[in-house]
Each structure stands twice: as C-alpha cells, then as structure tokens.
Amino acid sequence: MDNERIARAALSRLMEPQDAAGLALVQAAGAPDALKIATGQADAGPALEREITGLLADNGAGTSWAGMAASLKRWAPRIPDLAPERDLATMARLGGRLIIPSDDLWPAQLGDLGMQEPICLWWRGLEQELPGPARSVALVGSRDSTSYGASVTGDLAYSLAQRGFTVVSGGAYGIDAHAHRAALAGGSAAVPTIAVMAGGVDRFYPSGNEDLLRAVCNQGAVLAEVPPGSAPTRYRFLQRNRLIAALAAVTVVVEARWRSGALNTAHHAETLGRAVGAVPGSVHSANSAGCHRLLRDGGAVCVTDAAEIAELASPSGVGLAAPGTAHAADHDGLTLEDLILLDALPLRSTTSVDKLCAVAGLSADSVRAGLGRLGLLGLAASERGGWKRAKELA
C-alpha cells in the first residue's frame with residue numbers, strides 16, 4: 001500500500017478537519033513527510049516553518065499560528081491512537097475505501113476549497129465515479145422540520161433525482177432525511193444521493209436514520225473526512241458543511257431558523273462562488289426565518305420548484321426544465337417586453353430581428369435579449385437566421 005495513502009489516513013486521525021496548520025504542513029511538505037514531522041520523527045526546520053507561515057498568511061489564518069512547536073504539542077496526545085492500517089482494514093470490511101486527491105475517483109470540485117480541501121475522504125458505498133458539481137444539488141435545512149418543509153423537500157428531491165441530479169445532504173433528521181429518502185425514490189442517476197457525515201462512516205448517526213443511511217450506502221455514497229470510530233462533534237458538523245457546499249453547484253436551504261447550521265452551509269457555498277437558493281415559508285414560521293433572512297440579505301435566490309433549482313445549477317440552460325406540466329400557461333412569469341415579443345413572433349414562417357423591432361416596438365438589443373430568453377424557455381426557435389414561435393401557446 002502506498003505511503004501517501006497510509007500517511008493521509010493517519011493524518012486524518014491526528015488532525016481535526018480544517019486544521020489550518022496541519023493542512024499547510026501537508027501542502028508544504030507532502031503527506032508522508034508531514035506525518036513524520038507531526039509525529040516527531042522528523043524536524044520541520046526554519047525554512048519549512050517560514051513556508052507554512054506564508055501559506056497561512058495567504059489564506060487568512062496567519063494570526064492564529066503560534067508556530068510548529070505549539071502545533072506539535074496539540075497533536076501529540078493523538079499519536080498513540082494512530083493505526084492507519086487498522087482504519088483501512090475497517091473500511092475494506094465495510095465494503096468502503098479511502099480516497100485521496102491523487103485518485104481518479106476524487107471529486108475534483110473539492111479543489112475549489114483551496115487549502116481547506118480535505119486530506120482524504122472515507123467512503124462507504126459502491127465504487128463508482130461521483131458526479132461533478134453541475135449534476136449535484138445540496139438540499140439542507142432544519143432538523144425539526146415542519147410538515148410543510150418535509151413536503152417541499154420531498155417534492156424537490158424527488159423531481160431533481162428524476163432529472164438525473166444527485167442530491168447532497170448531511171444525513172441528519174428533518175430536511176436532510178427527507179431529501180435523501182425522496183432522492184432514493186426518484187433517482188435516475190448512478191449516484192442518486194450523497195450523505196456527508198460529521199463522524200466516522202462505520203457508525204450511522206443519528207441511529208434513528210440507520211436504515212435510511214444504509215440505503216444511501218447501497219444506492220449512493222456516504223462520505224466523511226474523519227476516520228472510522230470518530231465521534232460527530234459540534235465542530236465537525238460545522239466543518240463538514242463546507243464539503244456539502246463544495247460538492248454541489250447549488251445549495252438550497254428549505255427550512256432554517258434564524259441561527260442554523262444550514263445557513264452555515266449556505267455561507268460556505270457563497271464563499272465558493274456557488275449559487276444559493278432559499279425556499280420561502282410562512283412569515284409566522286420560525287423555521288423559515290433563516291430562509292427569509294437569506295432572501296432579504298440578497299445571499300440567495302428564491303426557489304419554489306425543481307425547474308428553478310436546475311436552472312441555477314446550469315445557468316447556460318443545459319439543466320433548464322421544459323415548461324411545467326402543471327396548470328401554468330407557457331407565458332406565465334414572462335416580463336411585459338417578452339410577452340410583447342412572443343406575440344410578435346410568427347408561428348409558421350420565420351422573421352428577422354429588424355421586422356420584430358418594428359412589430360413589437362422594441363429596440364434591437366431588447367429583441368435579441370428577449371429572443372435568447374424565449375429560446376431558453378422553448379418558446380422561440382431560430383431557423384436559417386430567422387426566428388419563429390416554437391409552438392402554439394397554451
């Protein structure tokens with residue numbers, strides 16, 4: 001077994017997730033040498049310590065860095081517990097594996113975390129390629145979800161899974177559980193759902209979700225950056241949220257109180273430049289106060305169905321749903337200018353931008369922009385340089 005894998009397995013037990021000094025040491029020295037230094041088998045030396053100081057300063061973590069001696073003292077109590085071969089054997093027995101950044105199966109989108117990219121991932125589930133961010137949506141929210149939150153989450157997760165998206169969540173009670181369950185029911189992708197855990201994947205937590213998480217393992221994937229046997233501490237819950245956000249193109253908060261871990265996930269998504277969606281709720285519901293806060297502060301887009309989330313995940317229109325089959329008309333939601341332009345488009349023959357300007361009374365720029373929007377919605381089509389209406393209006 002290669003030294004890199006063994007070293008990263010050991011380091012994941014020695015260091016807490018997002019240990020800035022530890023991650024900088026791994027980046028500067030490489031995992032095998034970092035393990036030797038962290039366990040006192042090798043000396044860091046002044047040049048390496050200066051490099052680590054620079055890395056931490058570049059990543060905004062320089063103020064908390066008290067030097068290598070302080071970090072070594074912090075890691076020392078865990079050295080006797082290091083047994084990477086045992087941890088790897090445990091994963092093999094569970095039908096799982098350890099993946100590291102150099103592996104083909106490593107989700108490339110985690111590289112967007114920069115120095116906060118995890119040292120490794122402990123993975124329980126089938127060995128298959130995990131989806132890229134454009135086909136992944138994170139659904140998160142309150143553990144004490146209401147019946148409204150449960151219903152909305154179920155509808156969103158099922159519809160997203162039917163469209164081939166992978167639903168990413170945290171395996172907790174409430175919104176997380178509803179998201180995983182509905183994604184498993186509707187899944188058409190190879191990996192319908194991913195649960196990112198705060199503790200080791202050898203033990204399903206919370207225990208009340210054991211059957212659900214076992215089903216996620218059998219059909220999707222359960223991931224953690226901490227090794228088997230690790231307890232799901234409050235700190236680890238907050239740290240794993242960055243992984244949920246990084247794995248998906250868009251994070252949707254379905255229900256969240258004013259102060260909520262789900263808002264922490266949304267913040268990570270914003271920091272990464274990922275899209276954030278929030279589902280509106282009743283103004284009388286404390287469970288939706290966090291969602292309304294996101295919407296009011298401008299950090300999130302209002303989303304109410306899977307089509308809107310798919311559009312956020314694929315702004316180019318690749319993931320855009322066909323016009324809904326509900327009782328809505330094709331022109332529902334269009335701006336006044338787009339409605340005028342749609343009326344001006346002929347159904348059987350094509351027409352030019354110049355003629356549309358005259359018929360609709362709009363500028364050429366407005367017509368071109370409007371045609372682009374109508375084209376994405378499947379309401380307008382371009383043929384041989386001209387434009388026509390794509391279909392009869394409902």
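A residue counts as partly exposed when its relative accessible area lies between the buried class, under 20%, and the exposed class, over 50%. Glu-383, with a relative accessible area of 31%, is therefore partly exposed. These values come from a predicted model.

**Helix α1**

Helix α1 covers residues 3–14, and at 1.5 Å a residue its 12 residues should span 16 Å, which agrees with the 16 Å that separates its end C-alpha atoms. The helix is mostly covered, since 10 of its 12 residues are buried. The buried residues run from Arg-5, Ile-6, Ala-7, Arg-8 and Ala-9 through Ala-10, Leu-11, Ser-12, Arg-13 and Leu-14. What do the buried residues of α1 pack against? Their partners are the helices α2 (20–29), α3 (31–38), α5 (68–75) and α6 (84–93), together with the strands β1 (96–99) and β2 (121–125).

**Salt bridges**

The count of salt bridges comes to 17, and three of them are set out below with the distance between nitrogen and oxygen.

| Lys or Arg | Asp or Glu | N to O distance |
|---|---|---|
| Arg-74 | Asp-19 | 2.7 Å |
| Arg-257 | Asp-144 | 3.2 Å |
| Lys-388 | Glu-383 | 4.0 Å |

In the salt bridge between Arg-74 and Asp-19, Arg-74 belongs to helix α5 while Asp-19 sits in the loop between α1 and α2, so that the pair ties together parts that are 55 residues apart in sequence. Arg-74 has a relative accessibility of 46% and therefore counts as partly exposed, whereas Asp-19, with a relative accessible area of 7%, is buried.

The side chains of Arg-257 and Asp-144 also form a salt bridge. Arg-257 lies in the loop between β7 (250–253) and α11 (261–271), and Asp-144 in the loop between β3 (136–140) and α7 (147–162), so this pair ties together parts that are 113 residues apart in sequence. Arg-257 is partly exposed at 36% relative accessibility, and Asp-144 is partly exposed as well, with a relative accessible area of 41%.

Elsewhere, salt bridges that share partners join Asp-2, Arg-5 and Asp-103 into one network. Arg-5 is also one of the buried residues of α1.

Definitions and conventions:
Residues numbered from 1 in each chain as written. Predicted model: local features only at pLDDT ≥ 70, side-chain atom pairs only at ≥ 80, totals over all residues. Heavy atoms only, no water. Helix = DSSP H or I, 4+ residues; strand = E, 2+ residues; numbered from the N terminus. Expected span 1.5 Å × (residues − 1). Buried < 20%, exposed > 50% of the residue type's maximum accessible area, 1.4 Å probe, protein only. Contact = heavy atoms within 4.5 Å.
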